[in-house]
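Visitor: I would like to learn how to read a model of this kind, feature by feature.
Guide: Then let us look at one together.

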Amino acid sequence: MTELPVPVFDDLWGPFWKELVDGRLTMPLCPNGHRFFVPEPVCPTCLSATWSWSPAAGRGSLYSWSVVHRAPVADVATPYVIAVVDLDEGWTLMTHLVDVAPGRPLLAGDRVALRITHRGGWALPTFALEEDQ
Ligand SMILES: [Zn+2]
């Protein structure tokens, strides 16, 4: 098996990962109000190159998910839930849903909230069901 990939703190992604380590979720926001993710050199809607990182509330709804029983890397416990979350600000994030009780049914539209997972010197934007917060 391969090892778990780690975030790249480059010019494009660095601010996103640094803010997560400090406990904040951010999203690209262009001067014309377009939110998008993943970060791109220019806004995919209006091509503005002057976008900046904007705070996100870290709340949203479960759009889709899959329970993984065989991890692609050795140091990840299974089963775990990969999810697509629609954030309240109108952007979408593929993430992990954490602390889901075994057998707990998931429904599209379930409310979720950010629960950052810290790993060594970096962090992942993971989510948990709001009712379990
Ligand atoms: Zn734009």
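The dialogue below goes from the whole chain to single residues.

Visitor: What should I know before reading any value?
Guide: This is a predicted model, in which local features need pLDDT of at least 70 and side-chain atom pairs count only at pLDDT 80 or more, while totals for chains, interfaces and linings use all residues. Residues are numbered from 1 along each chain as its sequence is written, and side-chain values use heavy atoms, with hydrogens and water left out.

Visitor: How many helices and strands does the chain have?
Guide: Helices (H or I, at least four residues) and strands (E, at least two) are DSSP runs, numbered from the N terminus. Here there are 1 helix and 9 strands. In sequence order the pattern is α-β-β-β-β-β-β-β-β-β. The radius of gyration is 15 Å, close to the 14 Å from the globule rule for 133 residues, so the chain is as compact as a globular protein of that length. That radius is taken over C-alpha atoms, and the rule is 2.2 Å times the number of residues to the power 0.38.

Visitor: What does the C-alpha trace span along its principal axes?
Guide: About 45 × 35 × 25 Å.

Visitor: What share of the residues counts as buried?
Guide: Buried means under 20% relative accessible area, exposed over 50%, and partly exposed in between (1.4 Å probe, protein chains only). By that rule 36% of the 133 residues are buried. For total area, the Shrake-Rupley method is used with a 1.4 Å probe, and for residues only the protein chains shown count as cover. The accessible surface of the chain is about 7,600 Å², with 56% of this belonging to carbon and sulfur atoms.

Visitor: How are contacts and charges summarised?
Guide: A contact means heavy atoms within 4.5 Å. Taking contacts between residues at least 6 apart in sequence, 49% join residues at least 24 apart. For charges, Lys and Arg count as positive and Asp and Glu as negative, with His and the chain ends not counted; each charge is placed at NZ of Lys, CZ of Arg, CG of Asp or CD of Glu. The chain has 9 positive and 15 negative charges, and their mean positions lie 4 Å apart.

Visitor: How many disulfides does the structure hold?
Guide: A disulfide is a pair of cysteine sulfur atoms within 2.5 Å. The structure holds 0 of them.

Visitor: Which peptide bonds are cis?
Guide: The omega angle is the value to read. The bond from F37 to V38 is cis, with omega near 20°, and V38 sits in the loop between β1 and β2. The bond from T78 to P79 is cis as well, with omega near -5°. P79 is in the loop between β3 and β4 (80–87).

Visitor: Which residues other than glycine have a positive phi?
Guide: L47 has phi near 70°, and D99 has phi of about 55°. L47 is in the loop between β1 and β2 and is exposed at 60% relative accessibility. D99 lies in the loop between β5 (92–97) and β6 (111–114); D99 is exposed too, with a relative accessible area of 55%.

Visitor: Is S54 buried or exposed?
Guide: S54 is buried, at 14% relative accessibility. This residue belongs to strand β2 (residues 52–55), and its contacts beyond four places in sequence are L25, T26, M27 and L29.

Visitor: What does S66 touch?
Guide: Not counting residues up to four places away in sequence, S66 touches Y80, V81 and I82. S66 is in strand β3 (residues 59–68) and is partly exposed, with a relative accessible area of 41%.

Visitor: Where is G23?
Guide: G23 is in the loop between α1 (14–21) and β1 (26–29). G23 is partly exposed, at 44% relative accessible area. G23 and L124 are 101 residues apart in sequence, and 10.0 Å apart from C-alpha to C-alpha.
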